[in-house]
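Please consult the sequence and the structure displayed below while reading.

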Amino acid sequence: NLIFTVLLYLMEQSLKEEPCTMDEIGAFIDDLNTSFFHKPLSFEDCRKLGDFVVGTILSNDGVPMYFSAADYEHGDTVVHHISYVANRIVYLDGDVKRTSYYLTEDGYNLLLGTLEIENNLKLTVHEMLFKMQLERQNYEKAVDSIKDVFNLLRIQLQKIQEAMLQIRRNALNYSVVSYRQLLEDDLATMEQTRKQFLEYEELVRRRIAQMEEEHINVRKLSAEEQENLANLRVIEGYLGRALDEHQRILGSHLDLKALYTRELEGLSQMSLIRRFSLRSELVDPILQHPQRLEDLDLFLRPLLLQAPGKVYQINKAFEIRKARVARRDHEASELLDFDADAWQEEQERRRLQKMEQYESTLHVLLERLLEEKTFCLADLEGISEIGELIPDIQIFKEVMVELIKSREIDVPALRKERSEFIQDAAGFQLHETVLELLDHMDTEIGKRVKKISIQKMDDGRTVVFEGISDPDGNPKAIRCSNIRFSIEFVP
């Protein structure tokens, strides 16, 4: 416990970017001993204990620690250097030279691999590691860090969805403490992610542009530099997806707040219902006065859900009333029956129908792309497959927006990612759908696809698709910008 407590203290000082000398570590251990351990230790003993924990246990008395591990990707054994704590020289009170200790990247990974860090700090630590790796241009490790950040955001979104499901079932089973903790995590996530990740995305784009320009105009990049460029592109893609997750968390956060408020208000209204004992309020009075059985219908009428007697309200006669459309006779006698299983089946049927429409739009685009290698959206005006290209106006709009946001789809990288990670495929996922269509359309050609590029053209041309039916069956015309699609194959 003491070792991990000292590690957490070092982490807090490192996050605050404040000096952490051995005297401060000794004072921290002395406070712990006074409050919790109650051991017969003086301040000097606590200082020596802190020096033993930091110098001997965590730093191995200054001797570098190397460990051999198997590299399964290359089938070889590699040697890893592990260092949990590092130090630097700081000047306190003007000119007093002291040694300050701080956690290294390995130290943060050690704490992240345990349950010692609270949930609201995990995203902060992963983001800080990602920032350090970008500054050091260690792009291979930065890819792993940004994947961890994306997974944390996905977990946070799933927590919100699970909380909403639990509240819908029974709001009383969801405690206010859990609700407060989830909201605090959401606010911390939304506060940290948006601005910082936009800055990281801009930095990564600049570095990609510099390397590509150097590769084209100056010299050919080495194998290591090409690997760094590929890692930067992966990082750029995950940063964009992380920002999308941030937007989804924001929307779900507002939905959760509204849902919990509505459910609690409904439960509070139920508490206003008057309750009584059938024995004392009904049976005993009837046994004492049997003649009251004649008025029993007044008691049973509400229980049988009969309409209460109407009372004329004179104020309603002088209100301005809007015209009401007369209902049909059969609508007045309509019986509503809500079945949870039937509702779930209907929701699943609608989801599958939407997925088929997404796939239909992408199938037409990919089929034309595999045939012609490059084409513009304007080339599809008047095609016979217009119903398959635009099965629904909103679906077509969503697909076009996702394609423009992606700009480039690196198919080999996506295949590798799909083999390494298990992702939630409950909704429409552009990259996953593209991979599935490529696998089913033509296996040989699909395996040779390297990259799909989507570019919004600045020619000022407007593409018009006419004769598209809206959900009510009315013909509509769709106007959209011209987009160029191109594909690149593995040689």
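## Salt bridges and packing

A search of the whole structure, which is a predicted model, finds 10 salt bridges. Side chains of opposite charge can pair when their charged atoms come close. Three of these pairs are set out in the table.

| Salt bridge | N to O distance |
|---|---|
| Arg205 and Glu236 | 3.2 Å |
| Glu245 and Arg248 | 3.2 Å |
| Asp284 and Arg279 | 3.4 Å |

The side chains of Arg205 and Glu236 form a salt bridge. Because Arg205 belongs to helix H7 (residues 176-218) and Glu236 to helix H8 (residues 223-270), this pair ties together parts that are 31 residues apart in sequence. Arg205 is partly exposed, at 35% relative accessibility, whereas Glu236 is buried, at 16%.

The salt bridge of Glu245 with Arg248 lies within helix H8, where the two residues are three residues apart and therefore separated by about one helical turn. Glu245 has a relative accessibility of 4% and counts as buried; Arg248, at 38%, counts as partly exposed.

In the salt bridge between Asp284 and Arg279, Asp284 is partly exposed at 26% relative accessibility, and Arg279 is exposed at 52%.

**The chain as a whole.** The chain contains 17 helices and 10 strands. Of its 491 residues, 32% count as buried. Among contacts in the chain with a separation of 6 or more, 66% involve residues 24 or more positions apart. The chain exposes about 32,500 Å², and carbon and sulfur atoms supply 51% of that area.

Rolling a probe the size of a water molecule over the atoms shows where empty space is left. How many cavities of 30 Å³ or more are present? The count comes to one. About 80 Å³ of space lies in the largest cavity. Its lining includes Leu403, Ile409, Val434 and Phe485. Helix H12 (340-372) and strand E7 (449-456) each contribute at least two lining residues, and the largest share, four residues, comes from H12.

**A nonpolar surface patch.** On the surface, Ile3, Phe52 and Ile57 form a nonpolar patch with about 230 Å² of accessible area together. Ile3 is located in helix H1 (residues 2-15) and, at 30% relative accessibility, counts as partly exposed.

Notes
Residues are numbered from 1 along each chain as its sequence is written. This is a predicted model: local features need pLDDT of at least 70, side-chain atom pairs count only at pLDDT 80 or more; totals for chains, interfaces and linings use all residues. Side-chain values use heavy atoms; hydrogens and water are left out. Patches are made of residues with over 30% relative accessible area and no salt bridge: like charges are joined within 9 Å, nonpolar side chains (Val, Leu, Ile, Met, Phe, Trp, Tyr) within 5 Å. Accessible areas come from the Shrake-Rupley method with a 1.4 Å probe; for residues, only the protein chains shown count as cover. A salt bridge is a side-chain nitrogen of Lys or Arg within 4 Å of a carboxyl oxygen of Asp or Glu. Buried means under 20% relative accessible area, exposed over 50%, partly exposed in between (1.4 Å probe, protein chains only). Contact means heavy atoms within 4.5 Å. On a 1 Å grid over the protein atoms alone, a cavity is a set of points where a 1.4 Å probe fits but cannot get out, and a pocket is an open set with protein on both sides within 12 Å along at least five of seven lines; lining residues have an atom within 4 Å of a point. Grid points are joined across faces, edges and corners, and a volume is the space filled by probe spheres set on the points.
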